[in-house]
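User: I'm new to reading protein structures. Could you walk me through one, feature by feature?

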Amino acid sequence: MSKASLVSNDKNNIDLVLSPVKTKTPLTEVNINELIESSEYSNLYVDSGNIKSAIAELNSVLKTLSENQPGREITYQILERRDASISISIEQDNMSASAEISTALGGQHMSAKAILNAAQAANVCKGFSKEQLIKLAKQAAKEPAGSIVKSEIAHGKLPIDGKDSRIKLLVESAQDRILKPKKREDGSVDMRDLGDIICVKVGDPLAKKIPLTDGIQGYTVTGEILTPKPGEDINIHVGEGTSLSPKNNSILVSTKVGLPRIIENGMEVDSIYQMKNVDVSTGHVKFEGSVIIDGDVCEGMKVFATGDISIGGFVESASLDAGGDITIGTGIIGKKQEVEGIDVSEISMSANIKAGGKVFAKYSQYAEISCDSLRIENQMMHNIVKVAKTLWLGSEAKANGKLIAGYIRVGESVRAGTVGATAGSMTFITFEDKINDYLKQMADLDLTVKTESDKASELKLAAEKLKKLPKDKANPKMLAKVMSTYQHHAKSMGKLLFEKEALEATLQEYMTSVYVEANEKVYHGVQVTIGEFHERTRREYGPSRFAYKERKVHIDPIVST
């Protein structure tokens, strides 16, 4: 059998040296590969083509030899020391770059510096992690020869958009006073002791405008700068009884002694009327400003204020009307009455609460409430409610209160712990007000479109008649005027139709945005109406969400994540 050996050459690579001897046992490629595997050179690059050529030449030499006769020596380089190689790939968005290393085949390993140089040559210039480069180099050196090791080596940074300017309040409001009663020495709370009235003097700072920020620039791994979106600016609202500080026009100060009241993007200072209780001894209260009542508003009494109304106690079968917020430290109690099966328009509650802003109370029963947003902390039972925005039942942090029966008209959402009643009393929740507004706008547009269409038709008919007149009776100026007017009405009609289409899209978007959520349970007898679509529960549900989609009100489970 011919002999095979592996010998280093002057290029520090390995030659295959074959000594031909003609026997009945031929030397094959398999024998050569076994020789390589068992040698110290098994981690070098194998040139399979040269092995084939060496065996082919060996067989050619052996053909001319007699049995056991040796032939000329054959030498081919079949093993090569190769350094590790690298390729760099950049993601399509240029936000990350990866290195793919083919590990060394008996040659030099790829250093962290070499990886960095290769990346820079491929136009990767930012976002490198030194630790990641070192880690990749070490990992590639440990892996078997000829392995593929891939890792991200650079990562871009998305821009951070700027923050909008905002208004920071520098004083508490009367609502804060009601919601934070004075603590006793033993740690308990005295709901009747609300502490000192919040009163500001002339020149006292009320609110400060925090300026917008421009944001922080980002970058791609190729060095492109990503520009952030700056925050949006708002103007501080200088309400009545306030002005901008002459020393700093970002600070709002009081111009009179009074009660600070929060308004959108600013504050006002109201005159204050404070009293212990409202009852037959005090009479009804009507005041231009804000009213603070440390105690209760008793049955049959009325309180009207152009500002806020803040009450430390409860409201019993009384009427409150505020231009601002109404805050009630305990609850609202109306007289119990039968409401099931009665047209809501015919029901008259003994407790009536109306506010231009928000309303807060711990609980409410048998009351009619109308406001911008409403939060009832514990329980709301058999109420008639009209809320422009949100109804929230629960603590400030979590909607865990109870909504039991009643008629609820709301603009955006209802969130509670439980919705409905175990006794089966109906709870009606509808989003009809805004939807009806949209429908009315569309109906008005339809009427206007019809008017424009009728005028356009009349003018078109008139133009056709003018065109048919004989030349001696033709009036080009009149025809031009009629055509111009016709085009005006046709264009107006097209604009109105586009406006209606946009309004229809807005309505659909609104209908899919409103919802009712119960974080704990929904009882049977809850009806949610969105437009002409409604759904009524006929059994109990766990945590659920009512929402409109695909022409139906769906009840979907709320899945905790």
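Predicted model: local features only at pLDDT ≥ 70, side-chain atom pairs only at ≥ 80, totals over all residues.

User: What is the order of the ten strands in the open sheet?

Analyst: Residues are numbered from 1 along each chain as its sequence is written, and side-chain values use heavy atoms, leaving out hydrogens and water. In general, strands of a sheet pair through backbone hydrogen bonds, either parallel or antiparallel. Here the order is β20-β22-β25-β28-β30-β32-β35-β37-β39-β40, with mixed pairing. Strands are DSSP runs (E, at least two residues), numbered from the N terminus, and two of them pair if DSSP finds at least two bridges between them.

User: Which strands are the edge strands?

Analyst: They are β20 (285-287) and β40 (533-536), each of which pairs on one side only. Strand β39 (residues 526-530) pairs with β40 in the antiparallel sense over four bridges, and valine 528 stands opposite glutamate 535 in β40.

User: Is glutamate 268 buried or exposed?

Analyst: Relative accessible area tells us: buried means under 20%, exposed over 50%, and partly exposed in between (1.4 Å probe, protein chains only). Glutamate 268 has 17% relative accessibility, so it counts as buried. This residue sits in strand β18 (residues 266-270).

User: With which side chain does the side chain of glutamate 268 make a polar contact?

Analyst: A polar contact is a pair of N or O atoms within 3.5 Å; within protein, one must be able to donate a hydrogen and the other to accept it, and residues adjacent in sequence count only if both atoms are side-chain atoms. For glutamate 268, the partner is the side chain of arginine 261, at 2.7 Å.

User: Which residues have the most contacts inside the largest nonpolar core?

Analyst: A nonpolar core is a set of buried Ala, Val, Leu, Ile, Met, Phe, Trp, Tyr and Cys residues joined through side-chain atoms within 4.5 Å. The largest has 64 residues, and Val297, Leu320, Ile369, Leu374 and Ile429 have the most contacts inside it. Another core, of 20 residues, lies apart from it, with Leu6 and Leu44 among them.
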